[in-house]
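Keep the structure open beside you as you read.

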Amino acid sequence: MKSHIAIVFLAALTIATQADAKSFHDMFGTEPPAGDEGAVLKTLDFQQGAIKIPTANATLNVSDQFYYLNPKDSKKVLVELWGNPESSVGNPLGMIFPVKYPPTDPHSWGSVIDYDGSGYVSDEDAASTDYDDLLKKIQDAIKEANPEREQQGFDPITLVGWAEPPHYDKATHALHWARDLIFGKDPNAGHTLNYSVRVLGREGVTELDFVAGLDQLQEINAAIPNVINTVQYDSGKRYADFTNGDKIAAYSMAGMIAAGAGVKVAAKLGLLAVVLGFFKSFCVALLAVKKGLIVVLAGVVAAGRKILGLFRRKGNTDA
């Protein structure tokens, strides 16, 4: 009898979740375009409201300024609509998009959601870290790694600088930073934005990696506070719920930033624990270029973890 009740409850919960999802027409007030892209758009469930993310022990409270796509639909966008190889996208927990753009709009951007359950990350070094010095070390380490990249058939990377310097919001326990990157040897090539946000919890970190162009930096900066507030950890799993004896992550705030730049960078900074915890080997593989977008797989990750960051557009969409 109890099993029957549980099955009925789960079925009702599934139906309720599906009922909250909107079609393309419901979300944008028009029918999707004809053709292959339109056929994919018709299959997507655009969700708003409270969305449980059990893996992260959290709920996404998606306001009417955004919409959420579940893991399956997120892969459809990344692979079928944005042209990324399926092997590059890993297994995201979903994506968040601004409501004013359908995924196929040239100005659209999205934030890929993931979770790292490595433990509690101390924020004690957030205020004392010299991020300019960290930037210089990351730049030097990337230069050192470029010959190996080229031997593997990939373009070299230039880290121009911080598109947005690392900033830690103590009230929301969120660290965010953005890198300005150039791929290839042409110094006049289009710039790529790598914007990352990490929302700290008691047992791990919710990762938000924005797939966008550098020309969208101002728009993303304006959206960051609302995106951060979307993530709400369950009672007992919040950062403030930490107690002595909880599992501690092997990396610091600076370590999270260094890890996003690859193994050799982390090793150069004396953060080998980050390397051993996350990676099997150093490999930053340049992948797809389609419709002005560019995607990078940052690291071959141990234990089945996916990419550390995605990049979408190369250069401006309008220029």
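## Starting at Ser 196

Ser 196 sits in strand S8, which covers residues 191–200. Bear in mind that everything here comes from a predicted model. Is Ser 196 buried or exposed? Its relative accessibility is 2%, so it counts as buried, the cut-off being under 20%.

What does the side chain of Ser 196 make a polar contact with? The partner is the side chain of Asp 209, at 2.9 Å. If you ignore neighbours within four places in sequence, the residues in contact with Ser 196 are Leu 175, His 176, Trp 177, Leu 208 and Asp 209.

## The sheet around it

Zooming out, S8 belongs to an open sheet of seven strands, in the order S3-S4-S5-S9-S8-S7-S6, with antiparallel pairing. At the edges are strand S3 (66–69) and strand S6 (157–169), each of which pairs on one side only. On average, neighbouring strands in this sheet are turned by 20 degrees against each other, direction ignored.

S6 pairs with strand S7 (residues 174–183) through nine bridges, in the antiparallel sense. Within S7, Leu 181 is the residue that stands opposite Leu 159.

Tyr 67 has Phe 97 in S4 as its bridge partner. In a regular strand, side chains alternate between the two faces of the sheet. S3 is covered on both faces: Phe 66 and Tyr 68 are buried on one side, Tyr 67 and Leu 69 on the other.

## Helices packed on the sheet

Now for the helices. S6 and S7 pair over nine bridges, and helix H5 (residues 131–151) packs on the sheet touching both of these strands, its direction making about 145 degrees with that of S6. Helix H6 packs on the sheet too, touching S3, strand S4 (94–98), S6, S7, S8 and strand S9 (205–211). The direction of H6 makes about 15 degrees with that of S8.

Gln 139 is a residue to look at in H5. Even as a glutamine, Gln 139 counts as buried because its relative accessibility is 18%, against a cut-off of under 20%. Leaving out neighbours within four places in sequence, Gln 139 is in contact with Leu 159, Val 160 and Gly 161.

## Helix H4 and a buried lysine

Helix H4 spans residues 71–81, and its buried residues are Asp 73, Ser 74, Lys 76, Val 77, Leu 78 and Leu 81. An α-helix has 3.6 residues a turn, so residues three or four places apart point the same way. The cover over the buried residues of H4 includes helix H3 (36–42), S3 and S4. Where H4 starts, a side-chain oxygen of Asn 70 comes to within 3.1 Å of the backbone nitrogen of Lys 72. After H4 comes Gly 83, with a positive phi near 80 degrees.

Why does Lys 76 count as buried? Its relative accessibility is 16%, and the cut-off is under 20%. The side chain of Lys 76 makes a polar contact with the side chain of Thr 43 at 3.0 Å. Setting aside neighbours within four places in sequence, Lys 76 is in contact with Val 40, Thr 43, Leu 44 and Leu 81. Lys 76 and Val 40 are 36 residues apart along the chain, yet their C-alpha atoms are separated by 7.5 Å.

## Cores and the whole protein

Which residues touch the most other members of the largest nonpolar core? They are Leu 60, Tyr 195 and Phe 210, in a core of 32 residues. H6 (residues 217–230) gives the most to this core, with six residues. Another core lies apart from it, with 25 residues, including Val 121, Ile 157, Leu 159 and Met 253.

Overall, the protein has nine helices and 12 strands. Of its 319 residues, 54% are buried. Among contacts with a separation of 6 or more, 59% are between residues 24 or more positions apart. The protein exposes about 14,300 Å², of which carbon and sulfur atoms supply 54%.

How values were computed. Residues numbered from 1 in each chain as written. Predicted model: local features only at pLDDT ≥ 70, side-chain atom pairs only at ≥ 80, totals over all residues. Heavy atoms only, no water. Core = buried A, V, L, I, M, F, W, Y, C linked by side-chain atoms within 4.5 Å. Buried < 20%, exposed > 50% of the residue type's maximum accessible area, 1.4 Å probe, protein only. Helix = DSSP H or I, 4+ residues; strand = E, 2+ residues; numbered from the N terminus. Polar contact = N/O pair within 3.5 Å; in protein donor to acceptor, adjacent residues only side chain to side chain. Contact = heavy atoms within 4.5 Å. Pairing = 2+ DSSP bridges. Axes fitted to C-alpha atoms, helices over the stretch in contact; angles between N-to-C directions. Areas by Shrake-Rupley, 256 points an atom, 1.4 Å probe, with all protein chains shown as cover.
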